[in-house]
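The following note sets out points for a colleague reading the structure shown below. Each point treats one topic.

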Amino acid sequence: MAKDIRFFDLNTGAKIPSVGLGTWQSDPGLVAEAVAAAIKVSILCVGYRHIDCAQIYGNEKEIGSLLKNLFEEGVVKREDLWITSKLWNTDHAPEDVPLALDRTLKDLQLDYVDLYLIHWPAPMKKGSAGFKPENLVQPNIPNTWKAMEALYDSGKARTIGVSNFSTKKLSDLLLIARVPPAVNQVECHPSWQQDKLQAFCNSKGVHLSGYSPLGSPGTTWLKSDVLKHQVINMIAEKLGKTPAQVALRWGLQMGHSVLPKSTNETRIKENFDVFGWSIPEDLLAKFSEIQQARLLRGTTFAHETYGAYRSLEELWDGEI
């Protein structure tokens, strides 16, 4: 009997659902439909229970209205959902951190989030919009983290963590953290397997959560052939699964939660059908043959003059 892997244990004692619905780049008007379809997915009478949000995605109000309706209709209870959101780069100043979470809670119409992440280790000027290099400022992650710890203490953020942190940046944070980050959410898929970071996270009790686990196939400005790779298609054919299901199941078996994004109801259901079966060890070994390349490089956060990082090498501390 294949291990389901429906949850992963965090260092706080909480259990994070292993499959979440990503909402990045979900168009207005479609994101609520996608979240509703995901929560209502009927596989063993349980659908997605993990919704990955962020202030910068610009759709938290829409998601909040939908969640309020689902709670009122009795479709799902708040305590049965895991809601993640993220602190945007313009709100890193310690005094701005609680205000940013309050805005997110107001938009989502919630009293707390289950997980609140520092979205990038690349702060920008307060009130700035867009990604102009002159908006980049020097980070002070220890000060920002202290403000995140206060949110954890308050109960408004039941778990705190980071996103897009390299092994070195996560290591530096762990040295000074009173409350260690529970999660590092990063790009992770068969074509960017993050072996070094995964091993470090495992050694420190930090859960790795993978965004773009399918390689963001719906994104026009990222060239992604993850799901077209012959290894994934060969395994999918052997197991009678879709390439997407194989990519997601690989993630679960590697020990990280996965956050596929879709607004297509059929694909939302397919992406959740990753339980009750597994990839055998001999086929799992084939993933080592896949050439590695980071898709989301964060080029807007590296600049020769502005901000802290003069190059992508510095932003990712060589993990590119």
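**Notes on the predicted model**

1. Asp 317 is found in the segment after helix 11 (312-316). The model is a predicted one. Asp 317 has a positive phi, near 50°, and is a residue other than glycine. With a relative accessible area of 28%, Asp 317 is partly exposed.

2. A positive phi, about 60°, is also present at Asn 164, again not a glycine. Asn 164 belongs to the loop that runs between strand 7 and helix 5 (167-176). Its relative accessibility is 2%. Because buried means under 20% relative accessible area, Asn 164 counts as buried.

3. The sheet is open and contains 8 strands in the order 3-4-5-6-7-8-9-10, with parallel pairing. Strand 3 (21-22) and strand 10 (257-259) each have a single partner strand, so these two stand at the edges and one side of each lacks a neighbour in the sheet. Helix 4 (residues 141-154) packs on the sheet, where it touches strand 5 (82-87), strand 6 (115-118) and strand 7 (160-163). The direction of helix 4 makes about 140° with that of strand 7.

4. Within the sheet, strand 8 (residues 183-187) and strand 9 (residues 207-211) run parallel and are joined by 5 bridges. Val 186 has Gly 210 of strand 9 as its bridge partner.

5. How many residues of helix 1 are buried? The count is 8 of the 9, so helix 1 is largely enclosed by the rest of the structure. The buried residues are Val 31, Ala 32, Ala 34, Val 35, Ala 36, Ala 37, Ala 38 and Ile 39. Their cover includes strand 3, strand 4 (50-52), helix 2 and helix 9 (265-272).

6. Helix 1 packs against helix 2 (residues 60-72) at an angle of about 40°, and the two axes are 9 Å apart. The crossing of this pair is right-handed. From helix 1, Val 31, Ala 32, Val 35, Ala 36 and Ile 39 meet Glu 62, Ile 63, Leu 66, Leu 67 and Leu 70 of helix 2. By class, the residues of this contact comprise 9 nonpolar, no polar and 1 charged.

7. The largest nonpolar core holds 83 residues, and those with the most contacts inside it are Tyr 116, Met 148, Ile 279 and Phe 287. Helix 1 (residues 31-39) supplies the largest share of this core, 8 residues. Apart from this core lies another, of 14 residues, including Leu 259, Leu 296, Ala 302 and Leu 312.

8. Which residues does Tyr 116 contact, leaving aside its neighbours within four places in sequence? They are Ser 85, Lys 86, Leu 87, Val 97, Ala 100, Leu 101, Met 148, Leu 151, Ala 157, Thr 159, Ile 160 and Gly 161. Met 148, one of these partners, is itself listed with Tyr 116 among the residues having the most contacts inside the core.

9. Leu 239 is placed in helix 7 (residues 230-239). At 25% relative accessibility, Leu 239 counts as partly exposed. Not counting residues up to four places away in sequence, Leu 239 touches Trp 277, Ser 278, Ile 279, Pro 280 and Leu 283. Leu 239 and Pro 260 are separated by 21 residues in sequence and by 20 Å in space, C-alpha to C-alpha.

How values were computed
Residues numbered from 1 in each chain as written. Predicted model: local features only at pLDDT ≥ 70, side-chain atom pairs only at ≥ 80, totals over all residues. Heavy atoms only, no water. Pairing = 2+ DSSP bridges. Helix = DSSP H or I, 4+ residues; strand = E, 2+ residues; numbered from the N terminus. Contact = heavy atoms within 4.5 Å. Axes fitted to C-alpha atoms, helices over the stretch in contact; angles between N-to-C directions. Core = buried A, V, L, I, M, F, W, Y, C linked by side-chain atoms within 4.5 Å. Buried < 20%, exposed > 50% of the residue type's maximum accessible area, 1.4 Å probe, protein only. Left-handed = near helix turned anticlockwise from the far one by under 90°. Nonpolar A, V, L, I, M, F, W, Y, C, P; charged D, E, K, R; others polar.
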